[in-house]
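Trainee: Before I rely on any of the labels attached to this structure, could we go through them together and check what each one rests on?

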Amino acid sequence: MPDDPIEKLSVELEIYGIPQPPDAPPMTDTYLHVRRRQDGAGERAVMGLPAYQGEQGPPGRPGAIHQGERTTAELEALKTALGTEHTNWAYRNTDTNDQYVWTGSMFVIYHGVYATPGPVGPAPTMRPGDLTINGQKVDDGFGVRIGGGSAGSYSIGLDLPPMPKGDKGDAGPSGSIYDSVDVDQDIPPTNGDVLAYNAETELLEWSPGGYWIEEYVVPPSGFPDVSKSRTDTRAELVVVTIPAKTFPYRLDFTGGVDINAYSGHQVDIEIRRDNATTGTLVGIGIGSDGGGWSNVAIRAFSDVAIDPSNRVAVIEPGTPITLYVAAVKRAGTLRDWSVRSNYAQLRVRLLRVR
């Protein structure tokens, strides 16, 4: 029959892909090559098929993400905390050296993944090397000290020569003057203060920015008109209260009061601090020896020496004071005397000190 085969071969068929560049036109031809021996036995058959590069497939599952080591008890507790977002998180069980990988709902355990650590090897042999600075080898002036133990630990110590001076760096940010070590931190600044050098402490300290004067003025209307008999020796005139200040100061006074005294009589003005009769005398006006009305000028008074180096008569910060102004008869007993407010004036000046 025409369709009956004239020969039948039993062979192993090897199939190869014919390389084809991705941008080449499609290949439609294939080939099949069969070899046989002289006795008709099949020897080798080769088929060639076109092979094309396919599209990139979907990403595979991520590998295990190692999250550290846990004990068996800790891994059991983790089951209640891990969710699907923790899929493929992996842990080493330190009790069994197994690897636990979370599937999203449970742990898959891989046994024997971690082997028991072996013994520590010998410490490495270390030798000093070379020292170079900016590419230049340094032959002496430095040393390398190496210490090591049989357990594998070692230490390296370096003795370096003086380094060459480098280029000047960029200017750093400005520091705070308030926190400077050159400023006395025990003296806080107040409004208007400036820094001044204190030779005793060798530090800068906050001081008043200007030694200006604060002034309290008692006008004529603040004085009384007083008539005294010949036996009276005192007339209280004015009380001035100075509140506590934030700066130290000394007192100064100017002004005057009209006093009527007859010949042989003397009436003075005195200013005392904190007590009308026994307080410290800080201001005075010396009256004339009678002669009718005269203006008694007022000035500051101190019975001890004052100079910039001492604190005599200084009113320290935080100290309120009260000043008492009185007319005091010093001499004469025969005639009456009087005080009038016309043109009377008292100016209390606070002179700042350091």
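Trainee: What makes the phi of Ala-313 worth a remark, and where does Ala-313 lie?

Mentor: Ala-313 is placed in the loop between β21 (299–300) and β22 (321–331), and its phi is positive, at about 65 degrees, although the residue is not a glycine. Keep in mind that the model is predicted.

Trainee: Why is Ala-313 called partly exposed?

Mentor: Buried means under 20% relative accessible area and exposed means over 50%; Ala-313 has 42%, so it counts as partly exposed.

Trainee: Which loop holds Asp-274, and what is its phi?

Mentor: Asp-274 sits in the loop between β18 (266–273) and β19 (280–285), with a phi near 70 degrees, again a positive value in a residue other than glycine. Its relative accessibility is 42%, and Asp-274 therefore counts as partly exposed.

Trainee: How do you know that Arg-352 and Glu-214 form a salt bridge?

Mentor: The cut-off is a side-chain nitrogen of Lys or Arg within 4 Å of a carboxyl oxygen of Asp or Glu, and for Arg-352 and Glu-214 the N to O distance is 3.9 Å, which meets it. Arg-352 belongs to strand β23 (residues 337–352) and Glu-214 to strand β14 (residues 213–218), so this pair ties together parts that are 138 residues apart in sequence.

Trainee: How many salt bridges does the structure hold, and which residues are linked in a network of them?

Mentor: There are 14 salt bridges in the structure, and the network links Arg-234, Glu-236, Asp-268, Glu-270, Arg-272 and Arg-330. Within that group, the side chains of Arg-234 and Glu-236 meet at 2.7 Å, N to O, and those of Glu-270 and Arg-330 meet at 3.0 Å, N to O. The latter pair links distant parts of the chain, with Glu-270 in strand β18 and Arg-330 in strand β22, 60 residues apart.

Trainee: Why is Glu-270 called buried, and why is Arg-330 called partly exposed?

Mentor: Glu-270 has a relative accessible area of 2%, so it is buried, while Arg-330 has 43% and is therefore partly exposed.

Trainee: How do you know that the charged end of Arg-335 is over the ring of Tyr-262?

Mentor: The distance limit is within 6 Å of the ring centre, and the charge must also be within 35 degrees of the ring normal; the charged end of Arg-335 is 4.0 Å from the centre of the Tyr-262 ring and is assigned as sitting over it. Arg-340 likewise lies over the face of Trp-293, at 4.3 Å from the ring centre.

Trainee: What makes up the nonpolar patch on the surface, and why can Met-163 belong to such a patch?

Mentor: Ile-146, Tyr-154, Ile-156, Leu-158, Leu-160 and Met-163 form the patch, with about 590 Å² of accessible area together, and strand β11 (residues 154–159) gives the largest share, 3 residues. Met-163, in the loop between β11 and β12 (193–198), has 46% relative accessibility and counts as partly exposed, and the patch requirement is over 30%, so Met-163 passes that cut-off.

Definitions and conventions
Residues are numbered from 1 along each chain as its sequence is written. This is a predicted model: local features need pLDDT of at least 70, side-chain atom pairs count only at pLDDT 80 or more; totals for chains, interfaces and linings use all residues. Side-chain values use heavy atoms; hydrogens and water are left out. Patches are made of residues with over 30% relative accessible area and no salt bridge: like charges are joined within 9 Å, nonpolar side chains (Val, Leu, Ile, Met, Phe, Trp, Tyr) within 5 Å. Accessible areas come from the Shrake-Rupley method with a 1.4 Å probe; for residues, only the protein chains shown count as cover. Helices (H or I, at least four residues) and strands (E, at least two) are DSSP runs, numbered from the N terminus. Buried means under 20% relative accessible area, exposed over 50%, partly exposed in between (1.4 Å probe, protein chains only).
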